[in-house]
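Please open the model in your viewer and keep the selection panel at hand.

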Amino acid sequence: MNAFNSYYIFLLIATFFFSCTHDTEPSVYNTNGEVYNSAYRPQIHFSSKYNWINDPNGLVYYDGEYHLFFQHNPFGSGWGYMSWGHAVSTDLIHWTQLNVALKPDTHGDIFSGSVVIDKNNTAGFGENAMIAIYTSAGSSQAQSIAFSTDRGRTFIKYRDNPVLKNPGKPDFRDPKVFWHELTQQWIMSLATGQTISFYRSPNLKEWTKLSEFGLGIGAHDGVWECPDLFPLTFEGKIKWVLLVSINPGAPNGGSGTQYFIGDFNGTTFTTDAISDPTWLDYGKDNYAGITWDNIPELDGRRIQIAWMNNWEYAGAIPTYSPGNNGSRSSMTLPRELSLGRNSQGHLFLRNKVVSEIERIASEWKTVTNENIENKKNFTLDLGNKKAYHIQLTTTLSKEQTLTLSLQNATGETSQAQINNVSERIYFYRNNSGNVSFSDLFTKMSFGPFSYNSDPVTLDLYIDQSSVEIIANDGALTLTNQVFPASIYDRISIQTNIGSVPVLVKLRTFDSIWK
Ligand code: FRU
C-alpha cells in the first residue's frame, strides 16, 4: 500500500512509543471464552482473540500442526505495530492462538512473509528448523529471516538481517519461499511494485535475482502484493499458478487477488494468458491469500486461506468485541485450490472450502424441494447455532434470475442472485445490517457466470459476519462480510418470470470456539 510509505516515519516513532508503554499485551491464553460469543464474532472462521489482524503469513504444516501466522497489532484494534500473531490447528478448522511470534525491531515492523521447514539444514539453524522469511519494514523494505527449533513456539532473529536488502524500490515486500526440487534451491516470489520478482538461494541467507514477471500483464490499477507461486497437477501435467494480490484495482473495488496459470522453469515464470486478468474471488472480502507449504505428499492438496477484508474499509468494520482491545477482522474459510477446464476449454483455478468442514457440520435437512413461482419464504431451523451452510440447486432458463435472500427478524437482508440474463452472480449487502461505517461497503459485487442449461449449485457458508458463496463446486466464488444485528434465520426465494425447480438443503455448524 502506498499509504504505508508516508506511514513509515510514524511507524518508527510508534514502535519506540509502544515499546515503552505497552509492555504487556492481552493474554491469548486467558481461558475465558466470553470474547468469542460477542456480537459479530465469527463462529467458524479464525479471528484473533483480541486486536487487529490482516494478511495470513507463514502458512506451513509441520509435525501434525497447521501453522497460521498473521499480520497483527497486539496492542490495538487498528493497523499498527505490525507483528506476526500465531495460531495452530490439527484440522484447519479449530484454532489455538499462541503468543505473538515476531515483533518489530530496529529493522522495522514485521510485514508479510512465509515459513519453510529446512529439511536439509541449508541455513545451518538445524535439521527441520522452521524458518520465517518476512519483510522488515523500516525506512525502506527489506527481507529478513528468523528461525525456530521448538515447533514455532519461539523464534530467534538472524543476527545478519536483512538478508535481502532494498535495491531502491518503494515496494519490496511479502516474500513467499519454497524449495524447488528440480533445481535444488529456494525460490522467493517478491512483490516489487507492478511486478513479481523471483530470487534464488542455496541457504535462505544469500539471494540472487532470477527474473521479473508482470509488466503489461494482468491488472495494474494498484500495487502488487502477497505473491504465491506453486505447482498443480492437472490432466497428468504440472502447471504453475501465480497468485498476486492487488490493492486497489479489484474487479468490485479495493483489494482483490488475481492469478496467472503458466509454467516455471526454475528461473522464469511465463503465463498461458488466455485472457487476463483472472480473479480468484469476486466478493469484496478475500485478500492477500497464500497457500500452506509442506503439506504431506500423501494429502497432496494445495490449501489457501485469505484475509476476509478489504483495505477500502478494513479499519472501520465493527469489531467483534468491545473495548480498546476489540478484535477486528478474520480469515476466510480454508480453501482447496485445484485446476479445472471451463466450457471454452481454458484452465481456471477452482477454489472450494476444505472437506474438514464436515467435522463441525450437522446432518443435512431439506428446506424445500419444489417448483417456485414469484416468491416464497422459509424459516430456517438453526437450533442455537450461529453458523450454517445452505445448498441451493436449480436449473434456470436463459431469461430467468433467481434471488436467494437471507433475512433476520429485523428485516436486514443480504441477497445472492443467479442472473442468467446478464450471465453473472451478484451479491447485495446494502441493507445487510450495520453498513453505516463506510459508503464503499454498501456496493454490490458480481462475478461472471456463463449460462448453460445444466443445474447450478450454490453453497453458502453463513457466519455471524460473513457470507461465502461457492458456485458450482468452486468455479466462481464471492466472499463478503456482513454485520446483521442477529444471524439471518429465514430465507426467501424469488424468480423474475416463470417457475423454477429449487432444492434447498440446510446444515448447521458447531462453533469452533469452546
Ligand atoms: C497486504 C499488505 C502487505 C504488507 C502488509 C502490511 O495487505 O499491504 O503488502 O506486507 O499488508 O500489514
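Two strands are taken to pair if DSSP finds at least two bridges between them. Strands themselves are DSSP runs of E with at least two residues, and helices are runs of H or I with at least four, all numbered from the N terminus.

The model is predicted, so that local features need pLDDT of at least 70 and side-chain atom pairs count only at pLDDT 80 or more, whereas totals for chains, interfaces and linings use all residues. Residues are numbered from 1 along each chain as its sequence is written, and side-chain values use heavy atoms, with hydrogens and water left out.

**First stop: a sheet of four strands**

Select β18, β19, β20 and β21, which form an open sheet in that order with antiparallel pairing. Its edge strands are β18 (287-291) and β21 (347-353), each of which pairs on one side only. On average, neighbouring strands of this sheet are turned by 40° against each other, direction ignored; the axes are lines fitted to C-alpha atoms (for helices, over the stretch in contact), and angles run from 0 to 180 degrees between N-to-C directions.

Which residue of β20 is the bridge partner of Arg302? The partner is Leu337.

**Second stop: the sheet that contains β9**

Select β9, β10, β11 and β12, an open sheet of four strands in that order, again with antiparallel pairing. Here the edge strands, pairing on one side only, are β9 and β12 (208-213). Six bridges join β9 to the antiparallel strand β10 (residues 185-192). Within this pair, Phe178 stands opposite Ile187 of β10.

Next, check the distances from polar side-chain atoms to oxygen atoms of the ligand. The value is 3.0 Å for Asn54, 2.7 Å for Gln71 and 2.6 Å for Asp174. The protein covers 100% of the 320 Å² of accessible area that the ligand has on its own; such areas come from the Shrake-Rupley method with a 1.4 Å probe, and for residues only the protein chains shown count as cover.

Select Arg173 and Glu225, which form a salt bridge whose closest N and O atoms are 2.6 Å apart. The two residues are 52 residues apart in the chain, Arg173 in β9 and Glu225 in β13. The term denotes a side-chain nitrogen of Lys or Arg within 4 Å of a carboxyl oxygen of Asp or Glu, and by this rule the count comes to 28 salt bridges.

**Last stop: backbone exceptions**

Most residues other than glycine have a negative phi, and most peptide bonds are trans. Select Asn161 and Pro162, whose peptide bond is cis with omega near 0°; Pro162 is in the loop between β8 (156-157) and β9. Another cis peptide bond joins Asn247 and Pro248, with omega about -10°. Finally, select Glu235, in the loop between β13 and β14, where phi is positive, near 50°.

Notes. A polar contact is a pair of N or O atoms within 3.5 Å; within protein, one must be able to donate a hydrogen and the other to accept it, and residues adjacent in sequence count only if both atoms are side-chain atoms.
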